[in-house]
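Visitor: I would like to go through this model in short questions. Please show me the sequence and the structure first.

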Amino acid sequence: MSYEPTSPNLPEGRTSGRKPRVAIVFGGRSSEHAISVSTAGSVLRAIDRTLYDVLPIGITHDGRWALTSDESSRMAITDGRLPSVEQVAESAEGQVVLPVSSASREVVWSEPGAVPKALGEVDVVLPLLHGPWGEDGTLQGLLELSGVPYVGSGVLASAVGMDKEYTKRVLTSFGLAVGPYTVVRPRDWETEAGRAAARERIAELQLPVFVKPCRAGSSMGITKVKDLEQLDAAIEEARRHDPKVIVEEGLRGREIECGVLEFEDGPRASLPSEIKVDGDFEFYDFEAKYIDSSEVEIPARLSGDETAELQQLAVRAFEALGCEGLARVDFFLLDDGGWVVNEINTMPGFTPISAYPKMWEATGVPYPELIDRLLKAALSRSTGLR
């Protein structure tokens, strides 16, 4: 698979005779901080430095924007050790300040007691944050206000894709199937009457159920509940990550993922992958995904008709949410042969074990070309209403 490069959308007055400057933003305040750092390390290794100038910017756990090392080896998950922005930040106090208007794309470095230093203009942002305060439309809104192009979906699609409830509501309105579920909102858990009503709704679902933070990813805070006596503890665990909780009925079937990528003629779907969870794990939780590294089979063992149907459904889900650039769509292939959409990830992981780049590699788009395609697409697209 090949593509024609597009002309970069450089700031007014700048020529295309220089390399576009990419700010790779990662880390963040969510519980997926370490996965974001690992993703950034993989991208820093793969990005073509002959085509792009790179400015790595990490967001610390407390929200400080820091200049970081460009040493990708320090950002890996190694022997169960989770990396952080604090470990690779160049300064313990300095911070990066982005432009707050579309009149300039100049980034400034500020340290206590020192004169602010201009770092030059940024042409495009690659936001590699996962979870709230980054993947959920908040960072996308900031970049829209600043007039800086960025990779991936806009504010609305990012926000909807982050919220598992509203993802399901949008998908069903477009005729796509989702599994049975109910939502425990923050106010539902504040009174005993509210808790009792929530328990009654959940009891109508068939066990086992999966109790999840509604706006988190990387399998954080998820509990598989086989007995309703475990329910309250599972909800409390999910609420540690998000006050809004979703409870999904466990489905019998295979977990299949499919990548979607925008091309000049529209979004296309990759070859699918299938998650093979190690028998020591109840489900594809954080440890199984990132520490134990359960097997992901690419391409998934599906018939030609099954693969074609899955790819069509993945593109339909991508378009239903109004996604841009990229997404990973997660499905269940039920025992009766039906497809159910589980969720959409608008900024899938790019770690060494992540399925999204592997699926596109198998489809004919190598990792460096995948990053190049995403950046060129973002540079060719304007911010604002489109």
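Visitor: Is Glu-165 buried or exposed?
Guide: This is a predicted model. The relative accessible area of Glu-165 is 0%. Buried means under 20%, so Glu-165 counts as buried.

Visitor: Which side chain does Glu-165 meet in a salt bridge?
Guide: The rule asks for a Lys or Arg nitrogen within 4 Å of a carboxyl oxygen. The N to O distance here is 2.6 Å. The partner of Glu-165 is Arg-185.

Visitor: How many residues apart in sequence are the parts that Glu-165 and Arg-185 tie together?
Guide: Glu-165 lies in helix α5. Arg-185 lies in the loop between β8 (181–184) and α6 (192–203). So the pair ties together parts whose separation in sequence is 20 residues.

Visitor: How does Arg-185 count by relative accessibility, and which network of salt bridges includes Arg-185?
Guide: Arg-185 has 22% relative accessibility, so Arg-185 counts as partly exposed. Salt bridges link Arg-185 into a network with Asp-163, Glu-165, Arg-169 and Lys-244.

Visitor: At what angle do helix α4 and helix α5 pack?
Guide: Helix α4 covers residues 155–162, and helix α5 covers residues 164–173. Their axes are 5 Å apart. The packing angle is about 110 degrees.

Visitor: Why does α4 count as roughly perpendicular to α5?
Guide: The angle between the two helices is about 110 degrees. Angles of 65 to 115 degrees count as roughly perpendicular. That makes the arrangement of α4 and α5 roughly perpendicular.

Visitor: Which residues make the contact, and how many are nonpolar?
Guide: From α4 come Val-160, Gly-161 and Met-162. From α5 come Lys-164, Tyr-166, Thr-167 and Val-170. By class, the contact has 1 charged and 2 polar residues, and the nonpolar ones number 4.

Visitor: Which parts do Asp-188 and Arg-201 tie together?
Guide: Their side chains meet in a salt bridge, 3.3 Å from N to O. Asp-188 lies in the loop between β8 and α6, and Arg-201 lies in helix α6. So the pair, 13 residues apart in sequence, ties together that loop and helix α6.

Visitor: How far apart are the closest N and O atoms of Lys-276 and Glu-274?
Guide: Lys-276 is partly exposed at 34% relative accessibility. Glu-274 is buried at 5%. The two form a salt bridge, with closest N and O atoms separated by 3.8 Å.

Definitions and conventions: Residues are numbered from 1 along each chain as its sequence is written. This is a predicted model: local features need pLDDT of at least 70, side-chain atom pairs count only at pLDDT 80 or more; totals for chains, interfaces and linings use all residues. Side-chain values use heavy atoms; hydrogens and water are left out. Axes are lines fitted to C-alpha atoms, for helices over the stretch in contact, and angles run from 0 to 180 degrees between N-to-C directions. Helices (H or I, at least four residues) and strands (E, at least two) are DSSP runs, numbered from the N terminus. Angles under 35 degrees count as roughly parallel, over 145 as roughly antiparallel, 65 to 115 as roughly perpendicular and the rest as oblique. Contact means heavy atoms within 4.5 Å. Ala, Val, Leu, Ile, Met, Phe, Trp, Tyr, Cys and Pro count as nonpolar, Asp, Glu, Lys and Arg as charged, and the others, Gly among them, as polar. Buried means under 20% relative accessible area, exposed over 50%, partly exposed in between (1.4 Å probe, protein chains only).
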